[in-house]
Amino acid sequence: MGKFMYEGAVRADFEDRLLAHLQVVIGNKLRRGEPFYFQWKDDVSTGGGRTSVWLHPRASIVFKFHGGRPPALNRAWLEALMTMANSPTGLYVVPEPPEDALTSESFG
């Protein structure tokens, strides 16, 4: 389980594979100077509910991975997550689609 840390105060646990995909999407949005919301459901063990943070290029964000090797990235999942990040509601986790479910959006 990896950790997403925002502004030194908000922390959330995500599987390393998901966290790697979030890092690419968040990095691309912020590199382009595009602020957006990122939201997730909190684990029941931490009280449940939902957390939403406003991500912007000057935000302090840390991605702490449990494992030492970066996982392989699924381009279709990156595109699905980027579609969410570009929506009015902002980025939230969607299920991983099959690798062959690609669209034409670029991530570089």
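1. A residue counts as buried when its relative accessible area is under 20%. In this predicted model, Phe38 and Trp40 are both buried. For Phe38 the relative accessible area is 0%, and Phe4 is likewise buried, at 0% relative accessibility.

2. A pair of aromatic rings is described by the distance of the centres and the angle of the planes. The structure contains 7 aromatic pairs. One of them joins Phe4 and Phe38, whose ring centres lie 5.2 Å apart with 90° between the planes, an edge-to-face arrangement. Because Phe4 belongs to strand 1 (residues 2-6) and Phe38 to strand 3 (residues 36-41), this pair ties together parts that are 34 residues apart in sequence.

3. Phe38 also pairs with Trp40: the centres are 4.8 Å apart and the planes meet at 50°, so this pair is tilted. A single aromatic cluster is formed by Phe4, Phe14, Phe38, Trp40 and Phe63.

4. Which residues have the most contacts inside the largest nonpolar core? They are Phe4, Phe14, Ile26, Phe38, Leu55 and Leu91, in a core of 25 residues. Two or more residues come from each of strand 1, strand 2 (10-14), helix 1 (16-31), strand 3, strand 4 (50-55) and helix 2 (75-85). In soluble globular proteins, nonpolar side chains tend to be buried together.

5. Phe14 deserves a separate entry. Apart from neighbours within four places in sequence, Phe14 is in contact with Met1, Gly2, Phe4, Leu19, Leu22, Phe38, Trp40 and Val93.

Key: Residues numbered from 1 in each chain as written. Predicted model: local features only at pLDDT ≥ 70, side-chain atom pairs only at ≥ 80, totals over all residues. Heavy atoms only, no water. Phe/Tyr/Trp six-rings, centres within 6.5 Å; stacked < 30°, edge-to-face > 60°. Helix = DSSP H or I, 4+ residues; strand = E, 2+ residues; numbered from the N terminus. Buried < 20%, exposed > 50% of the residue type's maximum accessible area, 1.4 Å probe, protein only. Core = buried A, V, L, I, M, F, W, Y, C linked by side-chain atoms within 4.5 Å. Contact = heavy atoms within 4.5 Å.
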